[in-house]
Amino acid sequence: MNKKLLIALLVIVLAGLGVWKFTSSSEPAASSPAAPPASTPATSTANPQALPPPPTPETQKTEPPRPKTASTEPLPKERTWQCIGSPNAPLKVEVFSDYQCPACRAFYFDVARPLMADYTTAGKVCLIYHEFPLRGHQYARRAAQYAEAAARLGPNQWIRVTDAIFYYQPQWSQDGQLEPVVAKALTEKEMDVVRRLVDDPGIDAAVESGVREGQRRGVRSTPSSFIIAPGREERIPPGVQYPILRRVLDGLLQGQ
Amino acid sequence: MARTVVVLLRLALAGIFIYAGWAKLYPTANVFKFMMDISSYRLLPEWSIEPLAYFLPPFEIVLGLWLLTGWQLRFSALASGLLLCGFWLAMFITYMRGIEANCGCGFGEEPISPRTLTRDGAMVVGAAFLMVYAWRAARRRTLATPATA
């Protein structure tokens, strides 16, 4: 009987290993040599103090030319950019996020930020962030409006404001004091434009269109994110570890 | 009656394993989805996720084929029961920790929920029944065989 058991177990293990070897032999190495090295998400979102301070206008090294918008000039009517990265990138990652949701904060610092460093700057991924403020979160919509207003100035302004809003989430979630937080991330001139824009009905309409798009896609909770590859749309589970997402993106980029 | 139930259970479990294993492997990009699903459980170290994602689906297919043949049923039922128990425990722990993870069961987009826990729990019970029946049948056969001098 022991002999039979051993044979049966041996057969199953060998067969499993054989198929594994067969299916994984055509897979590439875990990291593509063409891909830039991963930036380690050294931040622990459980402890906001452990996070690096968000970039401010002074620390931002790659500052694009500032818009020549003065307080008397007309305000930008819409975003001039489609996504973080190249709109022609082979992969799209779409995120539906709420600024007051702690899991969205974790996703942003642990996944989205490293993704920007590794893939969007290399033109491999086009990252689209949709506003999806949840009704139960008192200040989430206002935060989304500030982010959308900053987005009208450009992607760098959006990134800086998003960094700041998420970084200081534990504070403003208590008192709703968002303006000082946003001001930390922008220049005086930019902040002036954002102040004038934030109550514009067009801004709220843009936030609302994110919500509607999320509802259309079946989003019920945040963060909800999707990888869109040619002929394929895959939902990213909220708790996914970034190195695993990297492996998936590398595999999809290599056309598997 | 019990014999018919055992045959039906065996075939059902075999079908589920073969289908679930196949659905995780083909098209090949489904392995990536499975990898992300395992990762979202936040139970295993990152280095173990990729090997597991490549190992489990073929293992499920082989197990399903083994159940289908009915050969050495007590061992195939034992292996199925242990595997299903492992899956169920992983799901239960993740659900109790409040982590929003996908089941990764191979039946499409399914967050872990009481429904998936009940369904997989029923499969564990089925595999346990199969195992007990097969072991008892084997024991009866051993006792009925006359000892050789």
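Guide: What follows is a short tour, one feature at a time.

Guide: Before we start, this is a predicted model, where local features need pLDDT of at least 70, side-chain atom pairs count only at pLDDT 80 or more, and totals for chains, interfaces and linings use all residues. Residues are numbered from 1 along each chain as its sequence is written, while chains are lettered from A and ligands numbered from 1 in the order in which they are written.

Visitor: Let's take chain B. How many helices and strands does chain B have?

Guide: Helices (H or I, at least four residues) and strands (E, at least two) are DSSP runs, numbered from the N terminus. Chain B has five helices and zero strands, so its pattern along the sequence reads α-α-α-α-α. Its C-alpha atoms fill a box of roughly 60 × 30 × 25 Å along the principal axes.

Visitor: And how do I read a helix's length?

Guide: The expected span is 1.5 Å times one less than the number of residues. Helix 1 of chain B (residues 2-25) has 24 residues and reaches 34 Å from its first C-alpha to its last, close to the 34 Å expected.

Visitor: What does "buried" mean here?

Guide: A residue is buried if 20 or more other C-beta atoms lie within 10 Å of its own, exposed if 12 or fewer, and partly exposed in between, with C-beta atoms placed from the backbone. In chain B, 41% of the 149 residues count as buried. Among the buried residues of helix 1 of chain B are B:R10, B:L13, B:F17 and B:L25.

Visitor: How many residues of helix 3 of chain A are buried?

Guide: That helix is mostly covered, with 12 of its 12 residues buried. They pack against strand 2 (125-131), helix 4 (155-167), helix 6 (179-185), helix 7 (188-197) and helix 8 of chain A. For contrast, look at A:P180, in helix 6 of chain A: A:P180 counts as exposed because it has 11 C-beta neighbours inside 10 Å.

Visitor: At what angle do helix 3 and helix 8 of chain A pack?

Guide: Axes are lines fitted to C-alpha atoms, for helices over the stretch in contact, and angles run from 0 to 180 degrees between N-to-C directions. Helix 3 (residues 140-151) and helix 8 (residues 201-216) of chain A pack at about 110°, with axes 9 Å apart. That makes helix 3 of chain A roughly perpendicular to helix 8 of chain A. Angles under 35 degrees count as roughly parallel, over 145 as roughly antiparallel, 65 to 115 as roughly perpendicular and the rest as oblique.

Visitor: Which residues of these two helices meet?

Guide: Two residues are in contact if their C-beta atoms, placed from the backbone, lie within 7 Å. From helix 3 of chain A come A:R141, A:A144, A:Q145, A:E148 and A:A149, which meet A:I203, A:D204, A:A206 and A:V207 in helix 8 of chain A. By class, this contact has five nonpolar, one polar and three charged residues. Here Ala, Val, Leu, Ile, Met, Phe, Trp, Tyr, Cys and Pro count as nonpolar, Asp, Glu, Lys and Arg as charged, and the others, Gly among them, as polar.

Visitor: What about the contact between the chains?

Guide: It takes 29 residues from chain B and 28 residues from chain A. Helix 3 of chain B gives the largest share of its chain's side, 10 residues. The residues on that side divide into 17 nonpolar, five polar and seven charged.

Visitor: And what is a nonpolar core?

Guide: In soluble globular proteins, nonpolar side chains tend to be buried together. A nonpolar core is a set of buried Ala, Val, Leu, Ile, Met, Phe, Trp, Tyr and Cys residues joined through C-beta atoms within 7 Å. The largest one here has 100 residues, and those touching the most other members include A:Y146, A:A150 and B:M35. Helix 3 of chain B gives the most to this core, with 10 residues.
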